[in-house]
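Work through the exercises below with the model open in your viewer. Try each task before reading its solution.

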Amino acid sequence: MEQIDWGNIGFGYMKTDFNIRCTYSAGKWGELEVHESEYLSLHMAATSLHYGQESFEGLKAFRGKDGKIRIFRMKDNALRMQDSSEGTMMAKVPVEVFEEAVLKAVKLNERFVPPYESGASLYIRPVLFGSGAQVGVKPATEYMFIVFVTPVGPYFKGGFQTTPFVIMREYDRSAPLGMGKYKVGGNYAASLVAGQRAHDMGYSNIFYLDAREKKYIDECGAANFFGIKNNTYITPKSTSILPSITNKSLMVLADDLGLKVEQRAIPVEELSTFEEAGACGTAAVISPIERIDDFDEKKSYVFSHDGKPGPISEKLYHKLRGIQYGDEPDTHGWVTVVE
Ligand SMILES: *Cc1c(COP(=O)(O)O)cnc(C)c1O
């Protein structure tokens, strides 16, 4: 068996041994199937290809000091995928089927779960899509649910670091009453041009404002935003952002740490009052923000503390990572230990 250089795997795709599949047809889900091939045979008129009937999830499994594998908030991901099904008229994957498929994918690919010391983890990607043929614009009658896994390296190679973001008012990720609250591929397609431009300009990602008024903060790339001031954790309330499970967890941990937690509309100008700011999501947990440049308003909001993340972001980050790796007690029942 090949040796994997766990410290240098990055966030890419690496082939693993097995993927788990389940198909829906004639009104019901079939049995879970174990596949070795990375490819699938799909009808060319599948609704996912033409009309974007698709959703996905992203979660991780971690190997602890004790050698045990822990999966973080699997049920929340299952429920969120069900929400996405409502938004796209797809068959819902039952929570038990989702959980069983994830567990099976992790167990069968156990040799790809990186060792504790590496700081790497196993990324789990469940995907659901319309596989039935349809030419008229209608939901499919057949669906395919697949779970594959791939090891991913530590997000911060040189340690927990800040990066700059940029506000670009000429792009929207999603509409106020649109699909932003669902985890669907179309939102990502809609964000590629803006993301590329931000990268080309040297930013880690674009900072989206609400599409209607361009007045409030929505998301930072494909991550939720939070700001910290006066011992308060503040995160946007908006109909066009994706409810991040990381953000939900950080709100609970902030409360545990004695911070006040507010979920409300955040006007752009309020950025100047935050002591710390971060983007949060499964990939990085927290990606602390160095500064946010706003060229239209000729402003730059700076949060970095000499290039380092703020103390509360640092605390929240280590607390959440500690729970994920099993170094901290799982007091909120977020972790599933793989038996
Ligand atoms: C997945 C995603 C997030 C982060 O959600 P987590 O559950 O924390 O990984 C944030 N914003 C968007 C648009 C997303 O797709």
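**Exercise 1. Domains and their contact**

Which domains does the domain assignment of the protein give? Describe how they meet.

Solution. 
- Step 1. Note that the model is predicted. The assignment gives domain 1 (6-152) and domain 2 (163-325).
- Step 2. Take the centres over C-alpha atoms: they are separated by 26 Å.
- Step 3. List who takes part in the contact. Domain 1 supplies 26 residues and domain 2 supplies 19 residues.
- Step 4. Get the buried area. About 1,900 Å² is buried between the two domains, and carbon and sulfur atoms give 63% of that area.
- Step 5. Look at the domain 1 side. Phe-56, Phe-72 and Arg-80 lose the most area to domain 2, together 32% of what that side buries.

**Exercise 2. Salt bridges**

How many salt bridges does the rule find across the interface of domain 1 and domain 2? Then work on the whole count.

Solution. 
- Step 1. Apply the cut-off: a side-chain nitrogen of Lys or Arg within 4 Å of a carboxyl oxygen of Asp or Glu.
- Step 2. Across the interface, the rule finds one salt bridge.
- Step 3. Check a pair against the cut-off. Lys-248 and Asp-76 join their side chains in a salt bridge, at 3.0 Å from N to O.
- Step 4. The rule's count comes to 19 salt bridges.
- Step 5. Take another pair: Asp-294 and Arg-169 form a salt bridge, with their closest N and O atoms 2.8 Å apart. Asp-294 sits in strand E16 (residues 285-294) and Arg-169 in the loop between strand E9 (163-167) and helix H4 (185-189), so the pair ties together parts that are 125 residues apart in sequence.

**Exercise 3. The largest pocket**

Which residues lie closest to the centre of the largest pocket? Characterise its lining.

Solution. 
- Step 1. Volume: about 1,000 Å³ of space.
- Step 2. Lining: 42 residues, with Tyr-188, Gly-221, Ala-222, Ala-223 and Ala-283 closest to the centre.
- Step 3. Assign elements. Those that each supply at least two lining residues include strand E7 (121-130), strand E8 (143-152), helix H5 (192-200) and helix H6 (245-256). H5 has the largest share, four residues.
- Step 4. Sort by class: 21 nonpolar, 16 polar and five charged residues.

Terms used:
Residues numbered from 1 in each chain as written. Predicted model: local features only at pLDDT ≥ 70, side-chain atom pairs only at ≥ 80, totals over all residues. Heavy atoms only, no water. 1 Å grid on protein atoms, 1.4 Å probe; cavity = no way out; pocket = protein on both sides within 12 Å on 5 of 7 lines; lining within 4 Å. Points joined across faces, edges and corners; volume = space filled by probe spheres on them. Nonpolar A, V, L, I, M, F, W, Y, C, P; charged D, E, K, R; others polar. Domains from an automatic or database assignment. Contact = heavy atoms within 4.5 Å. Buried area = accessible area lost by both parts, 1.4 Å probe.
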